[in-house]
Amino acid sequence: MSIMHRRFLIIPLALITAAAGCTPDADCTPTRIIRADEPVGIQIQRIDPALRGASFRVLLDFESAADFSFIAIDPPVPPPATAPTLTHTGRGAMPLPMGCRGFSVKLASVPSLNQFPDRWTLVGGYFNSQSAQNVTVSYEAVGIPRLTRTVHLPARHWVAAMLDVSTLADPNNARPPVGVLRFHFDAPLGPDAVYCDDVLLIDNDRTLSDAASNVAVGGISAPHSPATITQASVSGPSTSGIMDAADSLCVKVRGHHLIIDCPGLLHLDLPTAEGNPEGWTVREAGPMRVRLSCDQGPVKFWTIYSDGRAYTDGKFKPLVEMPAQVAGPLMTQQYSPADVEVPPELGRIDRATAGDENNDAYNEQSASYRVLANGPRIQVMLTPRTPCLLFPVIEIAGLPAGKVVGTVEGQLLDNIVRLQNGHVLVQIHSALVRPTTVNIRVQ
């Protein structure tokens, strides 16, 4: 494939399922499977499955000497030769010379890149250093630094050093000329080799959950609208007329930002794990709730419901103001959940889910009761151990595919969601004050 055709390669990543690989800015030792007739773009998808669902464009893959015409080494030295010694993909990578402080990519010289960032949200490249160090990636336009970020390179791992450029695309501002992408090291490079490969643009703008959909896919402090619980019909002696069914959550990823929005109630703009060591990874996203995890932050798990309830590492910490007669019971029932019963001919309770602290079928981490169905129908009896049980959520595994309907005390349930893994979430928008049976079936 010619270099010109290669540079116009934009691949819809959802078409390929990668078996193993690395996430951007994380340690990764890729399994290199190189075929002479396989485009570099296909290899990148296999090595880095974090790119699935996005589009990307390979700017430089260092398979030929022509790529070095877009590179300026600091301090200036003759262009290095492509090296097959250690590559991220293909048969070539760029070795950085000893004494090098970094290099820049002249984006304006890249064919057909007339606007930047245009629709792209991330730009960067993959690095492999024989000793641990940091690399700072920045973007400059008309000589002015616009964005800067530092990425740690562990020894002997390919790491994606990506810069979030999504904030540059402001339709209200005139776009400056296409600038320069720079990579800079803390000190001149020593004898330990450093390689760069696969400089690319990525468009990872995607919606994980749309408010119009009823199918889920998949810093703690964050800004949100000052909100109150809306008027509703909630049964029970102490909560009548307080809380209504909330709107659906909309969950999006753009660049290194995770956006969680529920109109008029809450709006969160969170860092992703790809952009921040203490950022978040989406474990589940749907109209009813989103579940997040964090490897290095002070909170490891965060569950957020569309009505503003939230649970950090199993502790109730709502994101919106709630009346005491709502917040109090929600707090109490988190530590004293209801008893759960399922007729054995229809299924059983599940005491062994990760996040169930007491093995009682109530998962504190996700704030849901967990049961397993034997077939297309199941009954779940919830017996409150508190004066009232507010808005319980039941998560059911084992139901076959199909439309799910449910009733509680003869009333149809209107908040049922099928997760991507096949589980079904059922939320009861009422306060239970006595043993109550919930009937669920697949039509």
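The legends below describe close-up views of one predicted protein model.

Residues are numbered from 1 along each chain as its sequence is written, and side-chain values use heavy atoms, without hydrogens or water. Because the model is predicted, local features need pLDDT of at least 70 and side-chain atom pairs count only at pLDDT 80 or more, while totals for chains, interfaces and linings use all residues.

Figure 1. Helices (H or I, at least four residues) and strands (E, at least two) are DSSP runs numbered from the N terminus. The protein has 443 residues, and 53% of them count as buried. Buried means under 20% relative accessible area, exposed means over 50%, and partly exposed is in between, with a 1.4 Å probe and protein chains only. The accessible surface comes to about 19,100 Å², and carbon and sulfur atoms hold 53% of that surface. Accessible areas come from the Shrake-Rupley method with a 1.4 Å probe, and for residues only the protein chains shown count as cover.

**Figure 2. Helix α2, residues 40–47.** Helix α2 is largely enclosed by the rest of the structure, because 7 of its 8 residues are buried. The buried residues are Val-40, Gly-41, Gln-43, Ile-44, Gln-45, Arg-46 and Ile-47. Their cover includes β1 (55–60), β5 and β10 (194–203). Cover is judged here by contact, meaning heavy atoms within 4.5 Å.

**Figure 3. An open sheet of 5 strands.** The strand order is β2-β4-β9-β6-β7, and the pairing is antiparallel. At the edges stand β2 (71–74) and β7 (144–153), each with a single partner strand, so one side of each has no neighbour in the sheet. From one strand to the next the twist averages 20°. For such angles, axes are lines fitted to C-alpha atoms (for helices over the stretch in contact), and angles run from 0 to 180 degrees between N-to-C directions. Two strands pair if DSSP finds at least two bridges between them. Strand β2 and strand β4 (residues 102–106) run antiparallel and are joined by 4 bridges. Opposite Asp-74 stands Gly-102 in β4.

**Figure 4. An aromatic cluster of Phe-103, Phe-127, Phe-183 and Phe-185.** The structure holds 10 aromatic pairs. In the pair of Phe-127 and Phe-185 the ring centres are 6.3 Å apart and the planes stand at 80°, so the pair is edge-to-face. Phe-127 is in strand β5 (residues 122–129) and Phe-185 is in strand β9 (residues 180–185), 58 residues apart, and the pair thus links distant parts of the chain. Both of these residues, Phe-127 and Phe-185, are buried. Rings of Phe, Tyr and Trp (its six-membered ring) pair if their centres lie within 6.5 Å; planes under 30 degrees apart count as stacked, over 60 as edge-to-face and the rest as tilted.

**Figure 5. Pro-287 and Arg-291, two buried residues.** Pro-287 is in the loop between β15 (281–285) and β16 (289–293). It counts as buried because its relative accessibility is 4%. Arg-291 lies in strand β16. At 17% relative accessibility, Arg-291 also counts as buried. Beyond its neighbours within four places in sequence, Arg-291 is in contact with residues including Thr-281, Glu-284, Trp-302 and Gln-365. From C-alpha to C-alpha, Arg-291 and Tyr-311 are 9.5 Å apart, and in sequence they are 20 residues apart.

**Figure 6. Helix α3, residues 324–335.** The helix has 12 residues and reaches 17 Å from its first C-alpha to its last, close to the 16 Å expected. The expected span is 1.5 Å times one less than the number of residues. Buried residues in α3 are Val-326, Ala-327, Pro-329, Leu-330, Gln-333 and Gln-334. Among the elements that cover them are β18 (310–312), β19 (315–316), β22 (362–363) and β25 (389–390).

**Figure 7. Strand β26 with its partners β23 and β30.** Strand β26 (residues 393–397) is mostly covered, with 5 of its 5 residues buried. Val-393, Glu-395 and Ala-397 point one way from the strand, and Ile-394 and Ile-396 point the other way. Strand β23 (residues 368–373) pairs with β26 in the parallel sense over 4 bridges. Leu-372 has Ala-397 in β26 as its bridge partner. Strand β30 (residues 424–427) runs antiparallel to β26 and is joined to it by 4 bridges. Here the bridge partner of Ile-394 is Val-426 in β30.
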